[in-house]
Amino acid sequence: MRALLMRDLRLAVRAGGGFGLGLAFFLIVVVLIPFAVGPQSALLSRIAPGVLWIGALLACLLSLDRLFALDWEDGSLDLLATAPLPMEAIVSLKALAHWLTTALPLVLITPLLAVLLNLPAAGFAPLLLSLLLGTPALSVIGTFGAALTVGIKRGGLLMSLLVLPLYVPTLIFGAEAARRGATGMDYATPLVLLAGITCGTIALLPFASAAVLRVNLR
């Protein structure tokens, strides 16, 4: 399992669709927002939680179409399907590799970008907690979308249309937790709901993704 995880991490970095591209996209989104809405500090601080969450969500979406595409093209996916390791474990490792190379760097750079958007100091901890709890769900849901569209030419757009509606609950509760924390309100309830969504997706979607992959490989 460790060898497969390390292989996926190397592929994600070499393919150029994870670490660097996601960070660059996230940075561009945050930098452009003040130009679009104006430099008012009060307005920027009010919309900062939502902007940062949307930027992180879209950045995670960028590299999803590569999760299974490279393995499909070189035939590795067929070999993985016949390996002793269950397909559910393979899917989970793919999601973990995506989170480590795409979502985790976004979480680490978020405090710097939050300063650019004038987020109140009280909102930093809730924002980071919400991203740490919510971004694993984005990776797992995205893995399910990538499994649905594997082998389809130019399936990136279709995958985005399938995945984005599933991202909405995570976005709502994640941004709400960050917003409440920034305004000094209690943010425990949206964080608990966010954690519940993440736990549910981790528990259920690897089995759904594995079933879809088995169908596509027949």
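This is a predicted model: local features need pLDDT of at least 70, side-chain atom pairs count only at pLDDT 80 or more; totals for chains, interfaces and linings use all residues.
Helix α2 supplies the largest share of the patch, 5 residues; helices are taken as DSSP runs of H or I with at least four residues, numbered from the N terminus. Val31 is located in helix α2 and, with a relative accessible area of 36%, is partly exposed, a class that lies between buried (under 20% relative accessible area) and exposed (over 50%).

Residues are numbered from 1 along each chain as its sequence is written, and side-chain values use heavy atoms, with hydrogens and water left out. The pLDDT, which is the predictor's confidence in each residue on a scale from 0 to 100, has a mean of 86 over the chain, with 94% of the residues reaching 70 or more. Among the elements of the chain, the lowest mean pLDDT, 70, belongs to α1, and the highest, 93, to α7.

The largest nonpolar core contains 58 residues, of which Phe26, Leu52, Phe68, Leu117, Leu127, Tyr167 and Leu213 touch the most other members; such a core is a set of buried Ala, Val, Leu, Ile, Met, Phe, Trp, Tyr and Cys residues joined through side-chain atoms within 4.5 Å. Two or more residues of this core are given by each of α1 (2-15), α2 (19-37), α3 (41-62), α5 (76-81), α6 (87-116), α7 (124-148), α8 (156-182) and α9 (188-217), and the greatest contribution, 12 residues, is that of α6. In soluble globular proteins, nonpolar side chains tend to be buried together. When neighbours within four places in sequence are set aside, Phe26 is in contact with Leu52, Gly55, Ala56, Ala59, Leu106, Ile109, Thr110 and Leu113, contact being defined by heavy atoms within 4.5 Å.

The structure holds 3 salt bridges, each being a side-chain nitrogen of Lys or Arg within 4 Å of a carboxyl oxygen of Asp or Glu. Side chains of opposite charge can pair when their charged atoms come close. In one of these salt bridges, Glu88 pairs with Arg214, the closest N and O atoms being 3.1 Å apart, and the pair links distant parts of the chain, with Glu88 in helix α6 and Arg214 in helix α9, 126 residues apart. Glu88 counts as buried at 18% relative accessibility, whereas Arg214, at 37%, is partly exposed.

Helix α8 holds a further pairing, in which the side chains of Glu176 and Arg179 meet in a salt bridge with an N to O distance of 2.6 Å, the two residues lying 3 residues apart, about one turn of the helix. Glu176 is partly exposed, with a relative accessible area of 24%, and Arg179 is likewise partly exposed at 34%. Glu176 also forms a salt bridge with Arg180, for which the closest N and O atoms are 2.9 Å apart; these two residues are 4 residues apart in helix α8, and therefore separated by about one helical turn. Through shared partners, the salt bridges join Glu176, Arg179 and Arg180 into one network.

Several individual positions complete the description. Asn118, in the loop between α6 and α7, has a positive phi near 60° although the residue is not glycine, and Asn118 counts as partly exposed at 37% relative accessibility. Most residues other than glycine have a negative phi. Leu85, in the loop between α5 and α6, is partly exposed with a relative accessible area of 23%. The C-alpha atoms of Leu85 and Met1 are 7.9 Å apart, the residues being 84 apart in sequence, and the contacts of Leu85 beyond four places in sequence comprise Met1, Leu4, Leu80, Ile90 and Leu93. Leu108, in helix α6, is exposed with a relative accessible area of 65%, and its C-alpha atom is separated by 30 Å from that of Ala210, 102 residues away along the chain.

Note on methods
Buried means under 20% relative accessible area, exposed over 50%, partly exposed in between (1.4 Å probe, protein chains only).
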